[in-house]
Amino acid sequence: MGWTGWFSGKVLTVALLAQAAGCSSEESAPGESPPREEQLPTYQEPPEEQAPGEPPPGQQPPPAPENPPAKPENPWPSLSCEAIRPGELGPGMSIVLDANAPEANCGPGVTDGAGFLALMNSGPIGARAWDVVSPMGVFTGNLMLGGDMAFDVSPQPSGFHVIRITPPGGLSMTVHSSEGIFVRSVSLFADDDVPSFVTEDPRGGELIAQWAPRTDGTQVLTFQFLDVAGLPRTQPIEAVSAPLSETRSIVAGVDTWGRALLLWKEPSTWKGQWWNRQGVPVTQPFSVPSLASTPPGGLIPLAGGGLAVQSNGQWVAKFPSGQAVAQPAPAWLASHPNTQLVLIRGQQANALVPPPVFVEDSGCQETLLLFARDGTACGELLLPPDGSTCFLRRLGIGPDGTVTQQIDLSAQSTNQCSWRWWPGLLQ
């Protein structure tokens with residue numbers, strides 16, 4: 001039986017546990033697929049250098065300056081802990097879906113900015129796939145197929161991206177609507193032997209960067225922004241060149257102001273440079289001595305702007321937006337190694353996701369640590385403990401603030417996968 005054959009006759013069981021939650025008369029019935037008319041995402045590009053997030057009631061954001069300062073001032077006031085902490089957690093919503101194959105692995109889930117859920121439900125031989133569920137908890141009938149060489153799903157303001165290795169080499173991305181309908185496939189890199197990097201843009205889309213070889217014996221570091229639909233915002237921008245004989249690497253990130261930071265390895269040190277979305281440098285290249293012996297694993301956006309870098313589980317440095325300097329990681333990050341950093345509350349606050357801890361007689365305990373933009377600790381959110389193991393458990397926090405928790409890991413014995421979620425909990 002082929003790949004698609006495993007998905008035929010899929011049975012759906014839905015449990016809506018939220019108080020006063022229900023399906024409207026216009027919602028598709030469980031198990032039915034919505035109309036498959038292909039629609040591109042309706043995402044619109046925010047004004048350059050305008051910080052994201054909703055303004056306080058009665059206030060309008062300041063106009064984007066023609067020549068933005070190197071150190072932008074966030075137009076929104078920092079949220080108080082009272083505004084960051086959610087109210088009563090409540091039961092949330094839950095869903096149980098048949099496993100996509102006898103050997104399926106249930107996995108984490110996440111929402112896009114419209115509240116649609118992508119729930120990992122792998123197919124034959126571990127080939128990655130995600131069931132797509134509506135905000136009302138109804139299976140759309142659509143599956144996003146990643147295959148056995150797919151990485152994680154990237155939630156967007158509208159829809160999802162799935163990035164995967166493309167045999168015999170290279171990297172590609174498939175673009176899907178919120179409902180999980182395939183939109184297009186985009187080739188990112190043609191050669192997997194070339195140092196490259198792909199990272200999410202918190203404003204939507206992706207940033208791609210690579211060291212591209214030239215026939216003159218040099219290699220050039222190029223980067224390019226892609227939008228939510230997977231289309232280029234600009235042509236590839238050339239940042240720096242080096243002899244082809246030198247082994248180079250690249251790490252990249254985008255902050256909430258839409259600025260890109262490129263970090264690249266030179267023979268004796270790491271260097272960095274900030275660029276804006278039009279491919280214009282914001283700073284001159286600068287040295288990052290703190291990374292000389294700790295290769296970075298990724299650049300993660302911080303609430304209010306700037307990026308933090310993690311290496312081997314340790315938070316090692318912070319890069320203020322548009323400034324040619326690397327600072328030590330702030331204490332609230334450095335004191336929580338092996339955590340995942342996520343933007344919440346309209347990208348105006350931070351959440352840390354520690355590794356889950358198994359508690360005897362209770363199950364797997366998953367928590368969220370909440371922080372204001374300035375690093376003030378705003379408390380801990382405990383999710384209901386569940387399951388007989390923490391293996392592969394990971395909370396999902398979507399752009400719409402929905403928190404998703406996997407609650408069943410026994411697909412091989414029950415032939416089912418299940419999740420619960422709290423819509424807009426941290427919106």
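Tutor: pLDDT is the predictor's confidence in each residue, from 0 to 100. The protein averages 82, and 80% of the residues score at least 70. This is a predicted model, so local features need pLDDT of at least 70 and side-chain atom pairs count only at pLDDT 80 or more, while totals for chains, interfaces and linings use all residues. Residues are numbered from 1 along each chain as its sequence is written, and side-chain values use heavy atoms, with hydrogens and water left out.

Student: Where is confidence lowest and where is it highest?

Tutor: Strands (E, DSSP runs of at least two residues) are numbered from the N terminus. Strand E1 (residues 12-15) has the lowest mean, 33, and strand E24 (residues 349-353) the highest, 98. Over residues 1-69 pLDDT stays under 50. Where pLDDT is low, the predicted coordinates should not be read in detail.

Student: What makes strand E15 largely enclosed by the rest of the structure?

Tutor: Buried means under 20% relative accessible area, exposed over 50%, and partly exposed in between (1.4 Å probe, protein chains only). Five of the five residues of E15 (residues 250-254) are buried, so the strand is largely enclosed. Ile250, Ala252 and Val254 point one way and Val251 and Gly253 the other way, and all are buried.

Student: How do you know that E15 pairs with strand E16?

Tutor: Two strands pair if DSSP finds at least two bridges between them. Five bridges join E15 to E16 (residues 260-265), so the pair qualifies. The two run antiparallel, and Val254 stands opposite Ala260 in E16. In their hairpin, which has five residues between the strands, Gly258 takes a positive phi near 85 degrees.

Student: What makes a group of residues a nonpolar core?

Tutor: The members are buried Ala, Val, Leu, Ile, Met, Phe, Trp, Tyr and Cys residues joined through side-chain atoms within 4.5 Å. The largest such core has 30 residues, and those touching the most other members include Phe223, Leu261 and Phe319. E16 gives the largest share of this core, five residues. There is also a second, separate core of 19 residues, with Ile84 and Trp422 among them.

Student: Why is Thr111 called buried?

Tutor: Its relative accessible area is 1%, and the limit is under 20%, so Thr111 is buried. Thr111 sits in strand E3 (residues 106-111).

Student: Why is Asp361 called exposed?

Tutor: Asp361 has a relative accessible area of 82%, which is over 50%, so the label is exposed. Asp361 is in the loop between strand E25 (357-359) and strand E26 (363-365).

Note on methods
Helices (H or I, at least four residues) and strands (E, at least two) are DSSP runs, numbered from the N terminus. Contact means heavy atoms within 4.5 Å.
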